[in-house]
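Here is a brief report on a ligand site and on helix packing. The sequence and structure come first.

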Amino acid sequence: MKEMLEKIRASALECLQNDDADLEAIRIRFLGKKGELTAVLRGMGALSAEERPIVGQLANEIRADIEKAIAEKSAVAAEKKLQAKLKAEKIDVTMPADSTVGHIHPLTLVQRELEDIFLGMGFSIVEGPEVELDYYNFQALNIPENHPARDTQDTFYITENILLRSQTSPVQARTMEVQKPPIRIISPGRVYRSDAVDATHSPLFHQLEGLVIDKGITMGDLKGVLEIFAKETFGEETRIRFRPHHFPFTEPSAEVDVSCFACGGKGCRICKGEGWIEILGAGMVHPNVLRNCGIDPEVYSGFAFGFGIERIAMLKYHIDDMRLLYENDVRFLNQF
Ligand code: PHE
């Protein structure tokens, strides 16, 4: 019996010499319930009382030896596997990263460029609330309740008197209420209208409004400022054209066109053959608006203008669908 046990030890250890030995199979073969060592131990009943503890001790020793050898082999294999994995997955941290760097959204880009143009002319930037009182969005601007001009600026109402501003013009009124002339401000920001989404409309868009109030301000000043704005935005060759219009808060009022920057005024696809492109509304601040805001129209005069930032961005970058500016498809955004 001792010989059989020694044979088992020898053959188990020999199996374990093999480099790609299947450790689990070896364990089952020698130490498992139906394994060779177990089979020998089952036969121990036939031994004499003196022999039994000696053989039992030897069997336990052999079991311990084989277990130890398997554990050692298994630790070596695990270490080998780890080293191979580390080698395979080695990363060179000194290699330049394949990274995508974020950048400024085209609308923000254009807004900042526009702000820079007006900052350069001595304007300062003033912001106002997007959730606005009916009073500042309409009434103070000479648009009383039930005035037809409200139709084109239908918006979203929070209560009867509180709404999402439909234009940045309420910032005019808010500024004039608290600031003595001279006033020279622009107010860029989000505005809202109850328009359905299409290639040129969105219920949320951005405007930039300008306001200048001082003694002796004339329409000539308005033209000068807008001419500089147009040249800096669309190129040195750009001319501007005023067409009579009506806004309740300015008198006289005008719609302002720029000569087409693509064809220079000859007529092309971009200006739809007109040679001119409409870009903004403007006018001399209505005396009622000045009075509503505590400024004496006999002493002071001023002008205001306002335009959509999306429209400028679309013209500048030849974007033919406004939705591209909001969908944030990286294939579009990466071009700026
Ligand atoms: N707020 C006007 C609009 O949204 C534009 C405008 C501003 C016109 C200032 C004149 C003066 O249509």
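Ser 169 places a polar side-chain atom 2.9 Å from a nitrogen atom of the ligand. The model is predicted.

| Residue (side chain) | Ligand atom | Distance |
|---|---|---|
| Gln 167 | nitrogen | 2.8 Å |
| Ser 169 | nitrogen | 2.9 Å |
| Arg 193 | oxygen | 2.9 Å |

The protein buries 91% of the 320 Å² that the ligand exposes when taken alone.

Now the helices. Helix α1 spans residues 2–17, and helix α4 spans residues 51–88. Their axes lie 10 Å apart, at an angle of about 0 degrees. Angles under 35 degrees count as roughly parallel, so α1 is roughly parallel to α4. On the α1 side, the contact includes Leu 5, Ile 8, Leu 13 and Leu 16. Among the α4 residues they meet are Ile 54, Leu 58, Ile 62 and Ile 66. By class, this α1–α4 contact has 13 nonpolar, 1 polar and 6 charged residues.

Helix α2 covers residues 23–31. The axes of α2 and α4 come within 11 Å and cross at roughly 175 degrees. Therefore α2 is roughly antiparallel to α4. Leu 23, Ile 26, Arg 27, Phe 30 and Leu 31 form the α2 side of the contact. From α4 come Arg 63, Ile 66, Glu 67, Ile 70, Lys 73 and Ser 74. The α2–α4 contact has 6 nonpolar, 1 polar and 4 charged residues.

Methods:
Residues numbered from 1 in each chain as written. Predicted model: local features only at pLDDT ≥ 70, side-chain atom pairs only at ≥ 80, totals over all residues. Heavy atoms only, no water. Axes fitted to C-alpha atoms, helices over the stretch in contact; angles between N-to-C directions. Helix = DSSP H or I, 4+ residues; strand = E, 2+ residues; numbered from the N terminus. Parallel < 35°, antiparallel > 145°, perpendicular 65-115°, else oblique. Contact = heavy atoms within 4.5 Å. Nonpolar A, V, L, I, M, F, W, Y, C, P; charged D, E, K, R; others polar. Polar contact = N/O pair within 3.5 Å; in protein donor to acceptor, adjacent residues only side chain to side chain. Areas by Shrake-Rupley, 256 points an atom, 1.4 Å probe, with all protein chains shown as cover.
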